Amino acid sequence: MMNESDKHRLPVLGRRQFLSRSGMGIGSLALTGLLSEGSRADDQPLTAARTHFEGTAQHVIHVFLNGGMSQVDTFDPKPELTKRGGQMLPFENLQTERKTGVALPSPFKFEQHGESGIPVSDLFPHLSKCVDEMAVIRSMYAQLPNHEMSLMLMNSGDQRLVRPSFGSWLTWGMGSENQNLPGFVALCPSGLPVGGAGNWRSAFLPGVYQGTLVDTSGTDTSKLIKDIRNQRLTTAQQRQQFDLLQKINSRHLQQRPGETAIEARIQSFEMAFRMQTEATEAFDVNQEPEYIRKLYGDGPQNRQLLIARRLVERGVRFVQTWHGGGQPWDSHSNIEGEHRKVAQECDQGLAALILDLKQRGLLDKTLILCTGEFGRTPSVEMGQNGSGASQGRDHNHWGYSLWMAGGGIKGGTIYGATDEFGFKAVENPVSVHDLHATMLHLLGYDHKRLTYRFAGRDFRLTDVHGEIVKEVLA
């Protein structure tokens, strides 16, 4: 017969039994339809799993130049824009967020590079040497000239509704190769980008698939991830605390079955405890040889690109590197000075990332995507009071450029085109849904079959859209 004290005693559970009861099985239940021959253990939702078919890429590094890189100043030269400098351009029907004026020729010099002869502006003297590894898409387009909505669109395929980000979809479907590190890591120095943590949300997917933010502005690896270590307790003592906390959370969940927030809490605590053994080492670039550190260069942008390579090397599935908090590439004024500044902060590291992955045999299985959320206008942005110009460019969602490399991409490729001034995509336009479908294909997924049932319907990253851009595939 149970006495009064027994009623309040926590059940003693083994680790596997505890985790399976605590909701870890929900992620694998959702995967059952996707992976009919699933190889994932019930208590390890990030265990590497089978894809629909054999893809060329196994990892993704998404370099986000947040704020809006200008296509006509980087990868899409427009001689006609130079000829028509100072003249009004015929774009009455293409709305911009702010009033713009006459044509603003690019202040940067373009030259052809590599065997492919891809033109790149002098903003990227290092990266331009790697064009034969890159596919430049010049015909991207978004839906609105707004940072928040365009960031959501690029990250999650929807500009208005809360949806899982690409990294969350990928780690949900594909898992990770390292159970002591998150499958999805977001690196961002000095504050959050516009939209904050919503950019790496897991939404209705289990919380374990949400991105883990790391502030890369500092160099002290013990502080990159807050509270990664307890300086007052031994590992054994922390283990005791952790086991007690997880048992309490498990009991709480048993009384509230299906509460995803509690499941996410249990899973995040489990990951945080495991990360103590490997996270600090993974983020410590000082363990790299001096010649590698010199290859990447100084500064937080270049350093976090080296960290991205170290994470991929250790099995992390999706790494997103942000240029910084806010919108660093948002050059509404002084396009020459502002764009040159931010380009100098990452140019050497971007080239080094390609070269370093290639020499390690990782480029073929690592897909690199470098993009902003939209482009910029070829016409000058007028002053906010309507008097005079600021020598900058407004947001432009009608047409912009991005580049991809590695992971099955056909290097030395240019795809699509904007009009003669660089305003609107007119030849082979590529939507964000098309981009996502192409990336998933490279990773071994049919984007129409990668679905998750929620609220009575099947959701997918590309919604009801998306066509694979086969011309950029090797």
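This short report looks at a few spots in a predicted model.

## Ground rules

Residues are counted from 1 along each chain as its sequence is written. Because the model is predicted, local features need pLDDT of at least 70 and side-chain atom pairs count only at pLDDT 80 or more, while totals for chains, interfaces and linings use all residues; side-chain values use heavy atoms, with hydrogens and water left out.

## H332, a buried histidine

Let's start with H332, which sits in the loop between strand 8 (318-322) and helix 11 (335-359). Helices (H or I, at least four residues) and strands (E, at least two) are DSSP runs, numbered from the N terminus. H332 has a relative accessible area of 15%, so it counts as buried (under 20%; exposed is over 50%, partly exposed in between, with a 1.4 Å probe and protein chains only).

What does the side chain of H332 join in a polar contact of 3.1 Å? That would be the side chain of H395. A polar contact is a pair of N or O atoms within 3.5 Å; within protein, one must be able to donate a hydrogen and the other to accept it, and residues adjacent in sequence count only if both atoms are side-chain atoms.

## E54, out in the open

E54 is in the loop between helix 1 (15-31) and strand 1 (59-64), and at 80% relative accessibility it is exposed. E54 and L443 are 389 residues apart in sequence, yet 7.7 Å apart in space, C-alpha to C-alpha.

Strand 3 (residues 110-113) and strand 4 (residues 118-121) pair antiparallel over four bridges (pairing takes at least two bridges found by DSSP). Here E111 stands opposite V120.
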